[in-house]
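Have a look at the picture, then read on.

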Amino acid sequence: MGLPCCFGGTAFQTLRLAAIPSYSFSSSSILRPFPRTQALDLLYRHHFCLSSPLHFVAGALSASATQTIPVPNEATDKVVKPQWKAAVDFKWIRDNKEAVASNIKKRNSTANLDIVLELYEKLTNLQKEVERLRGERNVVANKMKGKLEPSERQKLIDKGKNLKEVLLSLEEELLKLTDELQMEAQRIPNMTHPDVPLGGEDCATLRNMVGSPRDFNFTIKDHLQLGKELDLFDFDAASEVSGSKFYYLKNEAVMLEMALINWALSEVMRKGFTPLTTPEIVRSSIVEKCGFQPRGENTQVYSVEGTDQCLIGTAEIPVGGIHMDSILSETLLPLKYVAYSHCFRTEAGAAGAASRGLYRVHQFSKVEMFILCHPEESESYLEELIGIEEGLFSSLGFHFKTMDMASADLGAPAFRKFDVEAWMPGLGRYGEISSASNCTDYQSRRLGIRYRPESSSTNPKKVPPQFVHTLNATACAVPRMIVCLLESCQQEDGSITIPEPLRPFMGGLQLITPKSR
């Protein structure tokens, strides 16, 4: 269940938390910005291996849906400097502009490719002029070392001063153009897998259907009615304490949450994943680098007012930051993590009967899978993640379908995304309980996560570091799992049968029964 991204023309609205006591850190102390001398190296000289379709279609882009569009101040003509810089291959974008433009359109993105190409051309021309003048300045400096007539020396001194002044002005303009280009380029979304269906949410295609709806011979109840009769949660008290879309879990529902978390963790750990708990407050720059919108209209992210920090909407964000700005040994790949965290989402714009109860809430517990891998292996690991998800939900007896999500519903980071939608009898519809995404090198280029390929007998040359691919998938989003479980496992007498895989994690409890009055 991924955190929505700022793409597809969606409007956003910022909701902020009240300021909480915290130490104030300078963003410059942790973001490790590129030295000024390397500013132009952001025009990455990364050559893509066209034999790999993932390299070709996705390797060049490190797009952002998270950066506010810089609006120059007409009075000062200044542009907001980006807090961080992504490793964007502008040359690849220029050389493949038709494919990039088509991708922006099919993803319903607001990115402006024309501005990016215009700024890049200005930058490259200005860079050439700066290099030419630097060379001329060096010639003048070398001439000054020899024996010269006073008049000739004075001419060289004057010329050197003029060159210095011109260079200072042009270098300042160069840095300004670099920042403008970076801000605009960060809005370009990841490329899209060629098999992804085109269109919006309604255009998603069916990949797999598991099971069939249970045939009830009695009047079914939704999870709200079941929860009230079984005394499992309290929305009214939570509304008074925290506001709408908050809840108290009570009695067996608390045990059920703990059971779902421990069961999901143990099952995924058996697949070779390293368990983690994560920070639940992160710097807004990390949210941006993962492709999400920390501030702006209708944002799904809670910001901590007066700081550069946000509450996480998914453990994907802090897990993605673990290896930020690092070069990994190729032998370490793949790195597989399964992380438990609380998640916080504003759910701005969500309303109506389809969002009632536990289905859409501001705070919930979730178990998230995250993989960093070799680029050529990301498609196979996406299949592995989907297989894990489907195995988990099948073992609980859920009826569900796996959907190949359409281009305009991918968000900014995903190259391809599959959602799992489970049948919820009480709600009378399918509801998303999980998603799995291959983000290729979109996030790693923004987070600065690379690996160093090992030399071999067939390729003894030292290969420069390459960007890893990242993938994420939900193992267990607790509230929606509870909705599905209560509604699917209800009995005629109002009790709930606990699925067998969860019973060892609930002290052997097999049935949730109505409380005696």
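## Ground rules

A residue counts as buried when its relative accessible area is under 20%, exposed when it is over 50%, and partly exposed in between, using a 1.4 Å probe and protein chains only. Leu175 is a handy test case: with a relative accessible area of 24%, it is partly exposed.

What you're looking at is a predicted model, where local features need pLDDT of at least 70 and side-chain atom pairs count only at pLDDT 80 or more, while totals for chains, interfaces and linings use all residues. Residues are numbered from 1 along each chain as its sequence is written, and side-chain values use heavy atoms, leaving out hydrogens and water.

## The big picture

The secondary structure comes to 14 helices and 19 strands. Both are DSSP runs numbered from the N terminus: helices are H or I with at least four residues, and strands are E with at least two. Of the 517 residues in the protein, 53% are buried.

Helix 9 (residues 252-269) and helix 14 (residues 478-488) pack at an angle of about 115 degrees, their axes 10 Å apart. The axes are lines fitted to C-alpha atoms, for helices over the stretch in contact, and angles run from 0 to 180 degrees between N-to-C directions. Helix 9 and helix 14 are therefore roughly perpendicular to each other; that label covers 65 to 115 degrees, with under 35 being roughly parallel, over 145 roughly antiparallel and the rest oblique. Which residues make the contact? Helix 9 brings Ala253, Leu256, Glu257, Leu260, Ile261 and Trp263, and helix 14 brings Val478, Met481, Ile482 and Leu485.

How enclosed is helix 14, and why? Eleven of its eleven residues are buried, so helix 14 is largely enclosed by the rest of the structure. Among those buried residues are Arg480, Cys484 and Glu487.

Most residues other than glycine have a negative phi, and most peptide bonds are trans. Asn251 has a positive phi, near 50 degrees. Asn251 sits in the loop between strand 4 (248-249) and helix 9, and at 37% relative accessibility it is partly exposed.

Thr440 isn't a glycine either, yet its phi is positive at about 45 degrees. Its loop runs between strand 14 (429-438) and helix 13 (442-447), and Thr440 is buried at 0% relative accessibility. Then there's a cis peptide bond joining Leu333 and Pro334, with omega about 0 degrees. Pro334 is in the loop between strand 9 (326-329) and strand 10 (335-344).

Val282 is in strand 6 (residues 281-283) and is buried, with a relative accessible area of 9%. Not counting residues up to four places away in sequence, Val282 touches Val287, Asp308, Gln309, Cys310, Ile312, Ile317 and Pro318. Val282 and Val304 are 22 residues apart in sequence and 9.8 Å apart from C-alpha to C-alpha.

Note on methods: Contact means heavy atoms within 4.5 Å.
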